[in-house]
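I opened a two-chain model today and kept notes as I went. Here is what I looked up, entry by entry.

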Amino acid sequence: MGIRFILMVNKQGQTRLAQYYEWLTLEERRALEGEIVRKCLARNDQQCSFVEHRNYKIVYRRYASLFFLVGVDNDENELAILEFIHLLVETMDRHFGNVCELDIMFHLEKAHFMLEEMVMNGCIVETSKSNILSPIQLMDKTS
Amino acid sequence: MASPSLMDTLFQRSLDDIIKGLRHQQTTESTFISKVIEEIRRETKSTDLQTKSTALQKLTYLNSIHFVDMSWASFHAIECISSPTFSHKKIGYLAISQSFNESTPVILLISNQLRKDLKSGNEFEVSLALDCLSRIGTVDLCRDLSSEVFTLMSSSKVFVRKKAIGVVLRLFDKYPDAVRVCFKRLVESLESGDSQTVSVVVGVFCELASKDPRSYLPLAPEFYRILVDSRNNWLLIKALKIFAKLAPLEPRLAKRVVEPICDHMRKTGAKSLVFECIRTVVTSFTEYESAVKLAAAKIHEFLMEDDPNLKYLGLHALSIMAPKHLWGVLENKDVVIQSLSDEDPNIKLESLRLVMAMVSESNVVEICRVLVNYALKSDPEFCNEIIGSILSTCCRNVYEVIIDFDWYVSLLGEMSRIPHCQKGEEIENQLIDIGMRVKDVRPELVRVGRNLLIDPALLGNPFLHRILSAAAWVCGEYVEFSRNPVDLMEGLLQPRTSLLPSSIRTVYMQSAFKVLIFCMRSYFVQMEDMTSEVPDLASKMECSESSDLATGKAPAQSDQDEGFNPRNSNQSYEDPSVVGAGDGQTSASAFLEEKGFTHESTVNLLNLMELAMGPLSGSYDVEIQERARNVLGFIELVKRDISNPSLRKEANLEREEVIASRIVEWVHDAFSEELGPVSMTAQNRVLIPDGLVLKENLTDLEAICGSVELPSSTSFSLRSPYYGESAGVSISNLQGEEDSDPSTESTSLLTEHRKRHGLYYLPSEKNEILANYYPPANDLSSGINANDDSQDLVKLTDQSLASKRKPSHAKPRPVVVRLDEGDAAADLAKKPEVKDDLLSGAIRDILLSNEAKPTSSQSNPSEKSSSKRKGKDKLNVDLPDSKENLAVGEQPNPENPSSRKSKHRGHGKEKNKKSRGKKNGDGREDDGEKEKQKSRDHHGRHKTRQRADAPLNVVSQTPVVPDYLL
């Protein structure tokens, strides 16, 4: 499994989106998110975007007030994951129009839906923005 | 707030309301949430699906963001997915994906609904079901739904098809038999022109290959085509990952692939792809010099960039490269060393690893010195990283890189004093380990230990307690090397030892006891020295030495010339009391004069000990109490004789005096037994006697082992004087026998070492002088700044580059006792076992056994096998087209009816290549080849038949895998 989880966390360390590709209990999740937030949010812009954590790596990137954190296996390509994060942000941007934290809070379901289009079983399966968004737009239209 | 119990439906709060509510109630979030959950619980009971699904939606949100338990609502989620309305379904599926797991009791209830949705005409419903299956698929679900997924894999809608392919990964993982159904279609999708599908399939194969690469070797041509033709970086990265796994298995493949990889590395502008190429090359193509050079150049580019990400990755790639191509690290050492003071701790850590990779015999001293200076100035975390990596590098492979152990031991002492040091346990282990392994270093070890022990400030730092314990043990065990045992004694008994945990305190007490025994014995020896006239010193010395050599015994003391060794003398003389004085007096007396054991000082020591032990005899800790009482008992026995000076003067040869001296002698005997390192595999070498039944379950051992503590000193028991008197001689004799007994492994090993490397056993006097001669490796007070440090380090590594070894070392490396395989066994780790799990077995079945009749209980084996063969043939036929530079003209005729089996083809190619190598001339050679080929075919078929019989018992074999790329 390449990607183990995707988190979006705001500056205050509150989780805004959490998608796991392996089963964790609530307690495990709480502990994990706490540790990661503590580790990553303390870092500054001049430091690299990769953090080793337990037996895997976290690749993260900050966009405005929101941190995108992706937990990946050690042999995953870190730069590709950064590109993936950027793709995710661009996709959301295209859909919400200048996406912000509130968009994700109020449209969590849609964000999950986008992720489901992009990632399956921890593998990145779709990297074209229009392919990712077309089912969502269709659903929006019909509902 | 309106009462939620009324008209739930009408006044139900939506998710948005909850989110808004949460945003405005930061302070009382938890009460707000619990109120909302109460509402949700009520709402889920509603019969109206709209209400229910909204409630579920809210719960899912809270679960995802606020860690609210939602396992209780699993049945409601199932109700939602069975709703005909898409929006309800969507909410239900999201809830299920998020909250269901293997142990959810109702999970099997969704099987039917999933099947229904998988067959639905609405592609979004299908996709919901597929996504859900990929997240929560259990063995049962995967088994039940594999045929539906199989159908969807060839759906006409790309949207559905790619998701179905994505699900296959989960399917294979949980239910490996699904391979029989789906694998062929998966391979076919590789060839489909549709880019979306291909990228999913390659992703799936990338994951599969990372678990068991060997099974996918036959698909190498497909991946090769992607590697060469694709322009999609995502896809290329996956393909590279696959080849990184496949190449080490098949050298011919590696040879073939390395060029395209280098091409990508040169041409592409995408850093992610470049990095993947670098990583692939440095992990799996390390033999290809030019490729590694190119990778190193690219790494250098990364390191030169300002971007911390690239810098980190560059360092990371270097550390992958280091074990096989250290030159890559050395070329970039400037950057590496500069990065030690980078502001990013992760980069610092990577560069630290690299610096440690550069350590060699010749530069270890200097590098460690500079690193320790770094550590002093670093934050606690990095400081401990540095200390930890110094420790682990230096002890690697039984202290391989250490030449000068005196230096290393004093470095250990210094590191213990670094304020942030938290590596007590590791330092403790090494101090004791070195003490046991390296005889020559013991004087220095005792010196270092003493310095630690006498510093009362150190006792206040709990992280140092383990180190102090080791220091105490070392000083007790090797007290004969101490210059001032009284000093040691005071250190061991100082009041602040009450700060130590009881387990370590016991070590202190035992060590103090050892020191006491040593001092008293020295005193007695001195006494008898003065009183008894021993006629021929020289001959005695010789005698004891020659007996030493002749028997080849190597007790610790005898070679140290101080020679307080009762055992030797016991052999020469029957009477132990005479003996005590007998051996090695010259040095002993000189030694004692220096140390000045007068009667007063000995009595003082006894008093000091008694004073310190007194309160401890009432300790609540049984270990402490027991030891204190033992010591006190001993003191009582001895003191009577010794404390009365008049008695002593009048009758120092009388019975009482002799008794005290004898008791001391016996206890000393007990302590002077050498403790050697024990091989880790020592137990294995003990043959199990016949009739001994070893328990399978050792749980009741817990009760016994629970109380065992750290390597505390040799256990002893103070016997009653009556017993001792009668048994004294036999005890010493016994020990003599034990020593000569070859079956005591460590002793005999030590003896052997001594025999073989006798010249390395320097006399201790000389040793000490040398030890003094060494300047301290690290001056704590020297305030060199970081820049100086890094420059130093640059210079150092320069040196290490320029001169591989320092021309000569000040002194030869002392012998390090090393227990043959015993120590190596630790490094060996577990051999990577080829895990032939169900999945790889099934896949190999399919990929390799085209002509074997499938014996599996599948519905339509004949159809399957034939189509499989078709797929296989296609694979093969494709190949020559894409590789023109294959043995052109010598290609096996594709229409040749005899080559209907892929294996023929593979071998045929091999044959052609070979015969081309022989300039195609020799017909007989060809015949021979054909013969071989036939037999090989036969072999292959035989194997496949075997496999068909027992599909899970797959032999790991390369020769059967045809080499498609050549």
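The entries below go from the whole chains down to single residues.

**Entry 1: ground rules**

I note that this is a predicted model, where local features need pLDDT of at least 70, side-chain atom pairs count only at pLDDT 80 or more, and totals for chains, interfaces and linings use all residues. Residues are numbered from 1 along each chain as its sequence is written, while chains are lettered from A and ligands numbered from 1 in the order in which they are written.

**Entry 2: the two chains**

I looked up the elements first. Helices (H or I, at least four residues) and strands (E, at least two) are DSSP runs, numbered from the N terminus. Chain A holds five helices and seven strands. I wrote down their order from the N terminus: β-β-α-β-β-β-α-α-α-β-β-α. Chain B has 49 helices and zero strands.

Next I looked up burial. A residue is buried if 20 or more other C-beta atoms lie within 10 Å of its own, exposed if 12 or fewer, and partly exposed in between, with C-beta atoms placed from the backbone. In chain A, 41% of the 143 residues are buried. In chain B, 44% of the 966 residues are buried.

Then I looked up contacts. Two residues are in contact if their C-beta atoms, placed from the backbone, lie within 7 Å. In chain B, residues 24 or more positions apart account for 73% of the contacts with a separation of 6 or more.

**Entry 3: the sheet in chain A**

In what order do the strands of the open sheet lie? I read β2-β1-β5-β4-β3 in chain A, five strands with antiparallel pairing. Strands pair if DSSP finds at least two bridges between them. β2 and β3 of chain A stand at the edges with a single partner strand each, so one side of each has no neighbour in the sheet. The twist averages 20 degrees from one strand to the next. Axes here are lines fitted to C-alpha atoms, for helices over the stretch in contact, and angles run from 0 to 180 degrees between N-to-C directions.

I went through some pairs.

- β1 (residues 3-10) and β5 (residues 66-72) of chain A run antiparallel, joined by seven bridges. Leu7(A) stands opposite Leu69(A) in β5(A).
- β4(A) and β5(A) are antiparallel over seven bridges. Arg62(A) has Phe67(A) in β5(A) as its bridge partner. The two strands form a hairpin with two residues between them, and Ala64(A) in the turn has a positive phi of about 50 degrees.
- β3(A) and β4(A) run antiparallel, with four bridges. Glu52(A) has Lys57(A) in β4(A) as its bridge partner. These strands also form a hairpin with two residues between them.

I stopped at Arg54(A), in the loop between β3 and β4 of chain A. Its phi is positive, about 45 degrees, although Arg54(A) is not a glycine. Is Arg54(A) buried or exposed? Arg54(A) counts as exposed, because it has 10 C-beta neighbours inside 10 Å.

**Entry 4: helix α2 of chain A**

α2(A) lies across β3, β4 and β5 of chain A, at about 40 degrees to β4(A). I checked the length of this helix, residues 78-96. The expected span is 1.5 Å times one less than the number of residues. For 19 residues that gives 27 Å, and the end C-alpha atoms are 27 Å apart, which agrees. Its buried residues include Leu79(A), Phe84(A) and Met92(A). Gly97(A) follows α2(A), with a positive phi near 75 degrees.

**Entry 5: a helix in chain B**

Which residues of helix α7 (residues 110-118) of chain B are buried? I found Ile110(B), Gln113(B), Leu114(B), Asp117(B) and Leu118(B). Seen down the axis of α7(B), they fall within an arc of 135 degrees, so they line one face of the helix. The arc is that of the directions from the helix axis to the C-beta atoms. An α-helix has 3.6 residues a turn, so residues three or four places apart point the same way. Among the elements covering the buried residues of α7(B) are α5 (74-81) and α8 (123-136) of chain B.

**Entry 6: where the chains meet**

The contact takes 36 residues from chain A and 40 residues from chain B. On the chain A side, elements giving two or more residues include β2 (15-20), α1 (26-41) and α5 (129-142) of chain A.
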